[in-house]
Amino acid sequence: AATSADGVALVDGAPAGRHQVLVEALAALPNAGRVHTLFNSHWHPEQTGSNEAFGKAGATIIAQQNTKLWLTTDVTWPWNNETVQPLPKVALPNKTFYSQAEFDIGGTHVRCGHLRDCPHTDGDMYVFFPAQNVVTVGDAVWGAGWPSIDWWTGGWIGGIVGGLDTLIYVANKDTRVVPARGPVLTYADLKSQHEMYGVIWERLLKTLYSGGGPDEAVAAKPTQEFEAKMGPSEPFVRRAFQSLWAYLSPDA
């Protein structure tokens, strides 16, 4: 959150059931006021659960266009059969962009960009505050553990590599990188993750092009040397492999 005399600009809200906890946390900030601007880093309920409340209060809600489109329809994920219902009109982003956008909010210049390689969903965006040298990345980058790839709405393992490549270009050696999960990251962390996921991506491609499936991908242990730091990887490997089908499999 960025505060000013005009109020609060917030990147991502809370799940709907946790909205009041978020409001109380914001009230404790210096110069706290109403949330006048809310950025949705992507469409998932953890990020957009506060949209309705802030939208009813008159906030400007900013998102990449694909994020708004997902919020207008029901989505049923095939891995858990959970259905997410569309949001009411008042909760939808009311200012969208396709590639890049710049805003002056409460005296602070903000740059937004679509992570078009699609690390987590096809509507992922970063929000960069140049004066503070802070970039928020939603779930396009995870600060702890293996990421969850929503391949059903456009995310994929190649997009993780491409998204990190974009963020390395946007950021600099002193930039603080704020993910939705885990601790704040550094520029060096971005580069380290870029190298790691590049290796994993190449190994998964070998399994795909040799005719293997998710079981073979797991058996090939593409994350073996990284698990001591990152933890057990089977769910991530399966989801990452499945994400290749939509992008690269000729009969998908």
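Reply: His 19 is buried, because its relative accessible area is 14%, where buried means under 20%, exposed over 50% and partly exposed in between, with a 1.4 Å probe and protein chains only. The model is predicted, so local features need pLDDT of at least 70 and side-chain atom pairs count only at pLDDT 80 or more, while totals for chains, interfaces and linings use all residues. Residues are numbered from 1 along each chain as its sequence is written, and side-chain values use heavy atoms, with hydrogens and water left out.

His 19 belongs to helix α1, residues 19-27; helices (H or I, at least four residues) and strands (E, at least two) are DSSP runs numbered from the N terminus. Residues up to four places away in sequence aside, His 19 touches Ala 14, Ser 50, Ala 53 and Phe 54, contact meaning heavy atoms within 4.5 Å.

As for packing elsewhere, the largest nonpolar core has 37 residues, and Ile 157, Tyr 197, Leu 204 and Phe 236 have the most contacts inside it. Such a core is a set of buried Ala, Val, Leu, Ile, Met, Phe, Trp, Tyr and Cys residues joined through side-chain atoms within 4.5 Å. Elements giving two or more residues to this core include β10 (125-129), α5 (157-170) and α6 (187-209), and α6 gives the most, with eight residues. Beyond four places in sequence, the contacts of Tyr 197 include Trp 146, Ile 157, Met 230 and Phe 236. Another core, of 13 residues, lies apart from that one, and Val 11, Phe 39, Phe 103 and Cys 112 are among its members.
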